[in-house]
Amino acid sequence: MKQTAPQTIPVASAISAENSQASGTTLHLPDEPLVVIQANNKWNLISLSDIWAYRELLFFLTWRDVKVRYKQTLLGAAWAILQPLFMMIIFTIFFGRLAGVDSAGVPYPIFALAGLVPWTFFSNTITASGNSLVGSAHLITKVYFPRLIVPAAAMLAGLVDFVLAFGLLIVLMFYYRVPLTTQVLFLPALVLLTALFGLGVGTWMSALNVKYRDVRFALPFLIQLWLFVSSVILPSSSVPAKWRWVLMFNPMSGIIEGYRAALFGLPFDWPALGVATALTIVMLFYSIYSFGKAERTFADII
Amino acid sequence: MRPIIRVEGLSKLYYLGGSGAAYSTLRETLMESLRKPVRYLRRGNSGSEKLWALSDVSFEVTPGDVVGIIGRNGAGKSTLLKVLSRIVEPTSGRVELYGRVASLLEVGTGFHPELTGRENIYLNGSILGMSRREIETKFDEIVAFAEVEKFIDTPVKRYSSGMYVRLAFAVAAHLEPEILVVDEVLAVGDAAFQKKCLGRMRDVASTGRTVIFVSHNMAAVSSLCTKAMVLWEGKVEYPLGSVEGAVQQYLSQVHQMTKTRLAERTDRQGNGRVRIKDFATFDGQGNELEYLATGQETHFRIYYSSEDTGVQNVAVAIGITSNSGGFVSMLSNQVAGDTFESIARDGYFTCKIKKLPLMPGNYTAGLIIRSNDVILDWIQQAVTIVVEPGDFYGTGRMPPPTHSGVLLEQEWTLNGSRQTDAGKE
């Protein structure tokens with residue numbers, strides 16, 4: 001369903017005053033159709049301008065997810081902090097104390113938390129956006145909007161939790177007197193990378209989930225396994241140098257080590273970050289492509 | 001004048017029952033592809049039944065038209081609306097839209113029970129395609145229209161169903177697109193609110209916007225639409241034209257269909273354990289009637305045959321609809337308190353009406369047989385019932401035919417003493 005021609009008019013925008021007063025006879029129709037609906041035409045799979053036109057809906061869906069998430073919970077938004085905090089405590093007991101993991105001179109609790117906060121963001125993003133389309137079936141079968149907005153809103157809602165959990169990390173860093181360096185300026189880029197990679201995986205999962213409901217069961221399992229190879233618990237330096245290149249194929253490992261480098265003033269592993277960025281871009285393009293292909297039949301099969 | 005909507009050769013194919021139609025699990029797809037590799041590669045969904053929900057539909061709508069789309073269930077109306085609303089993609093054909101479309105396939109799309117009325121207005125408005133600024137300017141109007149001022153900051157899960165529907169419709173009613181696509185959402189709320197909604201639709205139409213409206217309610221189509229079209233099994237049966245013509249065509253179609261013997265009808269639902277064979281009407285003396293008369297003793301007979309004698313707790317119902325408007329009455333042995341614990345293999349149910357209270361006119365009846373709430377057989381629009389004038393009250397008088405409705409037994413008394421006393425003083 002291609003949007004041709006005057007793309008500048010957001011569908012969501014208010015109708016212009018002259019049109020609303022036109023009583024049928026003075027209505028100015030555009031020469032080119034605003035929308036052409038036809039089968040299998042070679043429309044660009046995802047129209048970015050279409051998504052831009054619906055940016056307010058993206059905002060409202062994100063806002064709804066944030067607003068509704070902690071309704072009727074006792075602890076409310078504290079959950080965003082408790083989840084990584086308790087994981088940190090458990091990891092500290094088992095890996096920091098008992099196993100005595102070498103955490104590059106940084107106290108193990110904040111070493112673990114610096115990995116857990118972005119990891120929680122990533123895993124929540126792929127869970128939430130992976131299930132988002134199926135969860136929005138009632139919308140998809142009733143109204144048109146670019147479907148990509150659904151997993152994107154799920155990711156953005158997770159970003160709010162991420163910011164809260166990050167606050168906890170900053171507080172603990174002060175507590176452990178770990179100084180910040182200018183390298184923290186790399187953080188926004190790392191957050192963007194995490195968000196985009198999460199969006200890529202989540203979008204792909206959400207499209208698969210419409211057709212194969214196996215995704216719902218496979219995803220939690222996949223996330224558990226993924227955690228162990230993402231340098232959350234152990235630094236990537238604990239992997240024998242001979243095998244370290246394998247870790248590069250997991251962008252999350254490079255990204256999480258990136259967070260630690262930015263926060264604790266450690267040297268960046270540029271090759272790992274470069275590969276992570278490249279894989280994120282590939283993942284994003286591939287998922288948008290496969291999502292776009294599946295998008296046309298969502299309403300038929302959901 | 002140039003059209004605002006141009007539809008050319010639109011078709012939509014659905015696969016029923018096959019793995020391609022519904023979602024599947026990975027295992028099924030893998031097994032399928034292993035078992036029938038050739039067929040799988042060629043078709044992608046083997047063994048599924050095809051259904052052309054729309055086939056070669058073409059029409060043009062000029063700006064300012066209010067178009068009614070009429071058709072029975074399964075005629076393709078909803079599919080057409082979904083294609084026009086860009087929810088499903090057509091299999092072939094083309095639609096050109098020269099204006100922005102807002103579609104209302106249900107009211108309250110995306111309403112969240114945990115959010116307050118205020119929050120839901122913003123959420124639902126933006127889902128329907130309104131900008132935030134637009135919602136802000138119309139906010140007070142929407143709240144006033146819905147009559148929920150006091151509860152605007154209460155979560156909608158605490159709303160009564162009436163309030164919920166009113167709020168949902170109020171948001172939708174304030175949409176101002178160039179093309180408004182509406183499904184039968186008007187069938188909600190109480191009568192007063194329905195009237196308000198119809199009025200609002202008329203207002204929208206009078207400002208020169210184009211409306212596409214799908215309904216079963218011939219009265220609503222007649223009063224609202226300027227043009228109409230009839231769909232029949234996915235095809236255009238009556239091309240976009242006069243409303244009276246389309247309504248006539250539709251009613252005669254329904255009439256035509258009700259002349260097919262019930263035993264041969266294929267448009268039935270239910271598990272078929274018991275099947276409706278025939279329907280006939282008799283007077284009190286047992287004479288079969290072709291036409292009924294108002295006020296006459298009438299017996300409706302539903303002939304059936306059953307696969308076995310084990311069917312228990314049978315419920316039979318006749319739903320009567322007036323051809324000029326809405327639902328009239330439902331006759332049901334359950335409501336009347338007559339139970340049929342078990343039934344023979346063949347036989348008939350009889351429903352006796354001592355004095356037929358229907359006004360003269362044409363009616364359509366649907367028939368359904370259930371057992372313990374499982375539908376055994378159900379034929380919508382099964383038969384036509386023609387009612388001739390008769391003497392209901394035994395006075396030789398009848399309400400004027402313009403005042404359609406049902407006749408009620410009535411007795412009048414006059415108690416004038418107090419009035420006369422007051423007059424004397």
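**Notebook: chains A and B of a predicted model**

I first read off the order of elements in chain A, which from the N terminus is α-β-α-α-α-α-α-α-α-α-α-α-α-α. I took helices (H or I, at least four residues) and strands (E, at least two) as DSSP runs, numbered from the N terminus. The count for chain A is 13 helices and one strand.

I note that this is a predicted model, in which local features need pLDDT of at least 70 and side-chain atom pairs count only at pLDDT 80 or more, while totals for chains, interfaces and linings use all residues. Residues are numbered from 1 along each chain as its sequence is written, and chains are lettered from A and ligands numbered from 1 in the order in which they are written.

**Chain A**

I looked up burial and found that 41% of the 302 residues in chain A are buried (20 or more other C-beta atoms within 10 Å of the residue's own, with C-beta atoms placed from the backbone). I then checked contacts, defined by C-beta atoms, placed from the backbone, that lie within 7 Å. Of the contacts in chain A with a separation of 6 or more, 81% are between residues 24 or more positions apart.

I next examined helix H5 (residues 108–135) and helix H8 (residues 187–211) of chain A, which pack at an angle of about 30 degrees with their axes 7 Å apart. H5(A) is therefore roughly parallel to H8(A) (angles under 35 degrees). Axes are lines fitted to C-alpha atoms over the stretch in contact, and angles run from 0 to 180 degrees between N-to-C directions. The crossing of H5(A) and H8(A) is right-handed (the near helix is turned clockwise from the far one by less than a right angle). I listed the meeting residues, among them A:Phe121, A:Phe122 and A:Ile126 of H5(A) and A:Gly198, A:Leu199 and A:Met205 of H8(A). The contact of H5(A) with H8(A) holds 10 nonpolar residues, 11 polar and no charged. In this scheme Ala, Val, Leu, Ile, Met, Phe, Trp, Tyr, Cys and Pro are nonpolar, Asp, Glu, Lys and Arg are charged, and the others, Gly among them, are polar.

**Chain B**

I followed strand S20 (residues 374–388) of chain B through its pairings, where a pair needs at least two bridges found by DSSP. Strand S19 (residues 361–371) of chain B pairs with S20(B) in the antiparallel sense over 10 bridges, and B:Ala365 has B:Val383 as its bridge partner. Two residues lie between the strands of this hairpin, in which B:Asn372 takes a positive phi near 45 degrees. Strand S10 (residues 268–269) of chain B is also antiparallel to S20(B), over two bridges, with B:Gln269 opposite B:Trp378. Strand S13 (residues 292–293) of chain B pairs with S20(B) in the parallel sense over two bridges, and B:Leu292 stands opposite B:Val387.

**Between the chains**

I found 51 residues of chain B in contact with 42 residues of chain A. On the chain B side, S4 (92–97), H4 and H5 (132–146) each give two or more residues, and S4(B) gives the most, with six. That side divides into 21 nonpolar, 17 polar and 13 charged residues. Strand S1 (residues 35–38) of chain A runs antiparallel to S4(B), joined by four bridges, and A:Val36 has B:Glu96 as its bridge partner.

Conventions
Buried ≥ 20, exposed ≤ 12 C-beta atoms within 10 Å, placed from the backbone. Contact = placed C-beta atoms within 7 Å. Parallel < 35°, antiparallel > 145°, perpendicular 65-115°, else oblique.
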